Amino acid sequence: MEEFNQKGIAKELKKEPSAENPYRLLNLKLTHVEKSAAGIPAVMAAFRDLFEEKTAIRGTRALFKMNQMGGFDCPSCAWPDPDDERSALGEYCENGAKALAEEATSKRVTPEFFKQNSVFDLAQLDDYQIGKMGRLTDPMYLPQGATHYQPISWEDAFKKIAAHLNALESPDQAAFYTSGRTSNEASFVYQLFAKEFGTNNMPDCSNMCHETSGSALRPTIGIGKGTVKLEDFYDAEVIVIIGQNPGTNAPRMMSALAKGKQNGAKIIAINPLPEAGLMGFVNPQSVGAILHGGAQLADLYLPVKINGDMALLKALELLLIAFEQKSPGTVFDASFIEEKTVGYANFLNQFDHYNLDELARLSGVSKEALYEAAATLAFKKRIIFCWGMGLTQQPNGVDMIREILNILLLKGSLGITGAGVCPVRGHSNVQGNRTMMIDEKPTDEQLDRLENFYGFKMPRKHGYDVVRVIKAIHEEKVKVMFCMGGNFLSATPDTTYTAHALRKLNLLVSVSTKLNRGHLVHGKESLILPTYGRSDKDIVNGELQIVSTENSMGVVQDSKGMLEPVSKNLINESQIVCRMAMATLGERAVVDWQRYHDSYDAIRDDIEQCIPGFENYNVRVRQKGGFYLPNAARDKQYFAKDLGGRAPFTLTDIPDNTLAEDEYMMATTRTHDQFNTTIYGLDDRYRGIKNERRVIFMNQVDIDKAGLKAGERVDLFNYDDGIERVAPLFIIVSYQIPEKNTATYFPETNVLVSVNNVVKESNMPASKYVKIKIKKHDPEVYKKVDNMLYQGAIQRPS
């Protein structure tokens, strides 16, 4: 193993800030924009990362076990694996291989590394440099006022956590955050500990990605998940992808799209940017695809304006109504509408007030293209709608997803083969976390089951979600925060505000595999607890263990690591929770935490008793391919319980997206070279960006009108809440994007997203809807920026 313990590595890597260039040296190179995704370049990029992480043999061996029967679940996205046979060449994509490379890396961050590098110096590195340091090997502690993390024993770490938690005036002064990487077993014991401690303060990554989907779906179809299986993509007649980029966010999805296309499906892509992963796919496992340039995916691309989706959906409905009036009984499913829905008449009445010309103008899509899309849908029934954060992070995202449901209800396209809704989840077990009751708003039914089984009173008051917990920390209502994975600071909105909040915490605890910025902008005291990656062998009492995860389509399957851990001083997430529980609760504990500490099977036995759908859990999870959880909307066409199993048509409004003359709408996005806040490299191959992340994509018309030039350096400003937020020093890139719309990468521009700019109902950050102003770069602007945000530690080393 390679240890990053050389003296002063942070000082060697950092780029000294200056008034001219406060960030890393800008070294942007533009290449051609790709027309298709994957192919040989993706394979080469994946294996290049294995070599860069100095894990070519170890990592390659693991690749061929990732997502295979009896192997381990990919630590990247949640796209499902085939139920039966899987490719012997590999069931992984470029991003999955990069995620594995960073997990299987030979680089290690040891106590010696922290001794030689202060928090202050480390925090001046960019997120890419921080993430490339390697795997954490030992628990580390930062005392109040200290400049360097120092090693701490596991026993002392748990004593310190217990002392802080037990000193709180109320359990609600603690919060327990969860990332999507956490297994079902660890998630279950984690939420159980929070409840036995006495709080429902369980913000999690769902609060930032698909909380909107659940908020839209639960009241309408009775379940906050998608309703399709992977095989439904092969049987669909039309697949609509809206606000989602498969090439970057879920590359293996392109294989399913290509197979559906081969079987006759039409694909409609709706997105402000013409993403390579929407346009075409070169299957790297097919010689024919490589030789002939792969398959075209989208039959029709609709370049919608940012937040023009609602106008677009209503335009489609207006046209579908016209098709139905012209050919009664051939477009809408009258029987389904009559038997399975409510509110149809009121839904139809609203269209007396809509005009196609105005809807086209508001959406940014031509009437001709809208008509073609409606005609594609009109006489088809097997229709799948897929969406991602392009919808869920809009202020009216809940309404837009319900508008999608309106279309499917008209067509009777729910609960049948080849049709339904498919929210494309991000992290690999984000859905499983929620199933395991990682939820700040548990239902009475869930709490009753837990209370009956464990015999102690459950907290009933709703807890804090991500946005609310940031505000609560700022107001010093939360004093201890425990983060089970993730990079809370870089993932959340309003970065400066959030950083100031985190520094007020008495204790910040991070369970992590790698170093990230969340360890460097810290509370008064801070703990880093290292744990296993998904690919690591997890041995308990001498036996190799399995954990389980749930994918985007409700399949629960086992995951068994195969790599030797980077350190003998790691413990698994479930054991971290159990030892924290035993140290904190002591003799007042009702749960047998030692039993859970010693056995994953014991945890699964009790999950079976507490969560419907997990009957005979320990047997079924070991079956080939795992098992499907119940899904009444898919399996029985049974929808909202309070409506007698029917689904309501929803009445929604079209938002006013008026911008001032000098304002632009900005959406944050990610490159194909990152996953969530983990940055694998500085390129965005599909969009033609090389060596740089601080770019802003603009329409050339807007560039000219503003008196700017492509390649010019600019500063970005947001003025929500009467506060000036600044993201300095970005480079303009001329791009195919609707006028007055722009796109930037996160987390670099999360600083511009107000903590109050949220999605109605779901309270998610609306990071795809940020009003900004663009000004030529002024070196003086850097002086307005909170330098401490990037430097992290308040204490400088002497």
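Guide: A crossing of two helices is left-handed if the near helix is turned anticlockwise from the far one by less than a right angle, and right-handed if clockwise. In this predicted model, the crossing of H8 and H28 is right-handed.

Visitor: At what angle do the axes of H8 and H28 cross?

Guide: The axes of helix H8 (residues 154-166) and helix H28 (residues 573-585) cross at roughly 55° and come within 8 Å. Angles from 65 to 115 degrees would count as roughly perpendicular and those under 35 as roughly parallel; H8 and H28 are therefore oblique to each other.

Visitor: Which residues of H8 and H28 meet?

Guide: From H8, the residues include Trp-154, Phe-158, Ile-161 and Leu-165; among those they meet in H28 are Ile-576, Met-580 and Ala-583.

Visitor: Which residues of helix H3 are buried?

Guide: Buried means under 20% relative accessible area. In H3 (residues 56-63), the buried residues are Arg-58, Gly-59, Ala-62 and Leu-63. Viewed down the axis of H3, they fall within an arc of 135°, so they line one face of the helix.

Visitor: What is the strand order of the open sheet?

Guide: Its five strands, with parallel pairing, follow the order E13-E10-E9-E15-E16. Strands E13 (300-302) and E16 (420-423) form the edges, each pairing on one side only. Within the sheet, five bridges join E9 (residues 238-242) to E10 (residues 266-270), and Val-238 stands opposite Lys-266 in E10.

Visitor: Which strands does helix H13 touch?

Guide: Helix H13 (residues 253-262) packs on the sheet and touches E9, E10 and E15. The direction of H13 makes about 150° with that of E9.

Note on methods:
Residues numbered from 1 in each chain as written. Predicted model: local features only at pLDDT ≥ 70, side-chain atom pairs only at ≥ 80, totals over all residues. Heavy atoms only, no water. Pairing = 2+ DSSP bridges. Helix = DSSP H or I, 4+ residues; strand = E, 2+ residues; numbered from the N terminus. Contact = heavy atoms within 4.5 Å. Axes fitted to C-alpha atoms, helices over the stretch in contact; angles between N-to-C directions. Buried < 20%, exposed > 50% of the residue type's maximum accessible area, 1.4 Å probe, protein only. Arc of directions from axis to C-beta. Parallel < 35°, antiparallel > 145°, perpendicular 65-115°, else oblique.
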